[in-house]
Amino acid sequence: MIHSNEDTIYAPATIPGTGAITLIRVSGKDAFRIADQIVVCRKGNIAEAEGNTVKFGTVFQEDGQPLDEVLVSVYRAPHSYTGEDSVEISCHASSYICSQMMSLLSDAGGRAAGPGEFTERAFVNGKMDLAEAEAVADLISSQNEASHRVAFNQLKGGFSKELATMRGELLEITSLMELELDFSEEEVEFADRKRLGELLDKVLSRIDDLADSFRLGNAIRNGVPVVIVGATNTGKSTLLNALLGDDRAIVSDIAGTTRDTVEETLNLDGMLFRFIDTAGIRETSESIEKIGIERTFRKISEAEIVLGLLDLSKSEGEISEEASMIAGKVDFRRQELVFLLNKEDVLGSNKNVTVANNIVSLIENKYNDVKSVLMISAKTGEGLDELKGLLSSSRKGFLGGNDAVLVTNIRHYEALRRTSEALCRVKDGLAKGIPTDLVSQDLREALYHLGTIVGEVTTDEVLGNIFSHFCIGK
Ligand SMILES: Nc1nc2c(ncn2[C@@H]2O[C@H](COP(=O)(O)OP(=O)(O)OP(=O)(O)O)[C@@H](O)[C@H]2O)c(=O)[nH]1
Ligand SMILES: [Mg+2]
């Protein structure tokens, strides 16, 4: 435990000075006594109030002057967020009132809460497991439909239920192995080897699926990485700015303007995308530009979607050469490539559409794996709605059913990976006929790593790390 649970803690749960009301939380064994000390209720005191009721009262300052009229929600242990006796005081959202309230609460014997301390208590008191507690922080920071849905599902225990099922299966494997140990001396043929193998495969495949879902889960949380690449001056930075509706990246007609990568997120139809503008690819002897281009290659390999920008003001030959250079950098097994023929506006009023159409069919014929070819003008905005629609629809199916369990947290991902590694050793050991007692060691390790996700086994360091990232008051 990082903080003492003996203290009664308090903190504003809303931002004082904004909105109409500030909500101040108080939780701990003295919550009612402290509340009674600073709030004078019209009828009866807080300590005698029933749980889940609201009382009206007045707060007085030290000099006896009234500070505010407040409402106090009363929650009795264990029926509260933290599992302890708690009150929530709603006062007017003046920062002056809030700071006075803080000093009155301190004088009455409370202690200012640290970040996440209310949720930490909820975890310690068994109101939620660690994965659910982490989902609280995700829910608070969720800013779009997709990340909200994943966080809410985790908060409701979808992920935890899944882990509990697997834990049950691992325990069954353990008991099957112990059975074998008990009878080994009498050389009893082990009857349930098949069942053991089946269970092991089942758990392993589910764990690997969950670990694999991290790629998507992470994309939902941090944005699907979309990299914008192409030769210099094709209009990559212009495109980024046009998508964002903001002058984020420097645009110029000097080739090699963008040296470093520029990243910004954008919400498209409920899904977050992370657009990455990169240094244009060309042969160069300039050392900083070279570093920038190496970065471009790295960003391509990290992306899920590659937007390959081609410049319609160039010749067919040049465009085709640049297209094959870009296509050569894409791993089609795990990445999508969309070619964008930019500067459609330069085709002019008589639109040399034939050239453009030739290029489109050339690309479509040459690269079967290319997802789409769109003609756009980053400058005029032509075709950008189509591009946005294409991107958001490509990830719509990702959300799957409402209860899809996705791993969004790197801590969970790493624990799943370790569980999987330990289980692979169990499987290997059994196949090679390694004595069961040695194999059980790995099985215990698998159970340990699985247990760290929900906090069945944990350390102060892990807890400190998790809760310090929460806001104060949660
Ligand atoms: N006519 C026209 N010009 C464009 C379009 N998009 C970009 N440009 C121009 O092309 C030039 C290069 O644009 P940038 O956005 O800086 O190109 P870039 O690909 O980021 O270039 P580097 O950072 O040097 O690799 C600028 O003069 C832009 O105004 C377009 O759709 N039509
Ligand atoms: Mg640029």
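Lys55 stands opposite Val72, a residue of strand S5. The two strands concerned, S4 (residues 53–60) and S5 (residues 66–75), pair in the antiparallel sense over 8 bridges, where two strands are said to pair if DSSP finds at least two bridges between them. Strands here are DSSP runs of E with at least two residues, and helices are runs of H or I with at least four, both numbered from the N terminus. The model is predicted, so that local features need pLDDT of at least 70 and side-chain atom pairs count only at pLDDT 80 or more, while totals for chains, interfaces and linings use all residues. Residues are numbered from 1 along each chain as its sequence is written, and chains are lettered from A and ligands numbered from 1 in the order in which they are written.

The pair S4 and S5 belongs to an open sheet of 7 strands with mixed pairing, whose order is S3-S4-S5-S6-S2-S1-S7. Strand S3 (39–41) and strand S7 (111–112) are the edges of this sheet, and because each has a single partner strand, one side of each is left without a neighbour in the sheet. Arg111 is found in strand S7; it counts as partly exposed because it has 17 C-beta neighbours inside 10 Å, on a scale where a residue is buried if 20 or more other C-beta atoms lie within 10 Å of its own, exposed if 12 or fewer, and partly exposed in between, with C-beta atoms placed from the backbone. When residues up to four places away in sequence are not counted, Arg111 touches Asp7, Thr8 and Ile9, contact being defined by C-beta atoms, placed from the backbone, that lie within 7 Å.

Helix H1 (residues 31–38) is largely enclosed by the rest of the structure, because 6 of its 8 residues are buried. The buried residues are Ala31, Phe32, Ile34, Ala35, Asp36 and Ile38, and they pack against strand S2 (21–27), S3, S4, S5, strand S6 (86–92) and helix H2 (95–107). Between S5 and S6, the loop contains Pro78, which is joined to Ala77 by a cis peptide bond with omega about 0°.

The domain assignment, which is automatic or comes from a database, divides the chain into domain 1 (9–128), domain 2 (140–217 + 406–455) and domain 3 (223–377). The C-alpha centres of domain 1 and domain 3 are 55 Å apart. The largest nonpolar core has 120 residues, of which Ala35 and Val226 touch the most other members; such a core is a set of buried Ala, Val, Leu, Ile, Met, Phe, Trp, Tyr and Cys residues joined through C-beta atoms within 7 Å. Helix H7 (residues 193–222) gives the most to this core, with 9 residues. Val226, with neighbours within four places in sequence left aside, is in contact with Phe273, Arg274, Phe275, Ile276, Ala303, Ile305, Leu307 and Leu391.

Val373 counts as buried because it has 21 C-beta neighbours inside 10 Å, and beyond residues up to four places away in sequence it touches Phe339, Leu341, Val360, Ile363 and Glu364.

Most residues other than glycine have a negative phi, and most peptide bonds are trans. Lys343, in the loop between S12 and helix H11 (353–366), has a positive phi near 70°, and with 23 C-beta neighbours inside 10 Å it counts as buried. Asn233, in the loop between strand S8 (224–230) and helix H8, has a positive phi near 65° and counts as buried with 22 C-beta neighbours inside 10 Å.

In all, 23 residues surround ligand 1, and the closest are Gly235, Ser237, Thr258, Gly280 and Lys379; a residue is near the molecule if its C-beta atom, placed from the backbone, lies within 6 Å of it. The shell divides into 4 nonpolar, 14 polar and 5 charged residues, where Ala, Val, Leu, Ile, Met, Phe, Trp, Tyr, Cys and Pro count as nonpolar, Asp, Glu, Lys and Arg as charged, and the others, Gly among them, as polar.

Definitions and conventions. Two residues are in contact if their C-beta atoms, placed from the backbone, lie within 7 Å.
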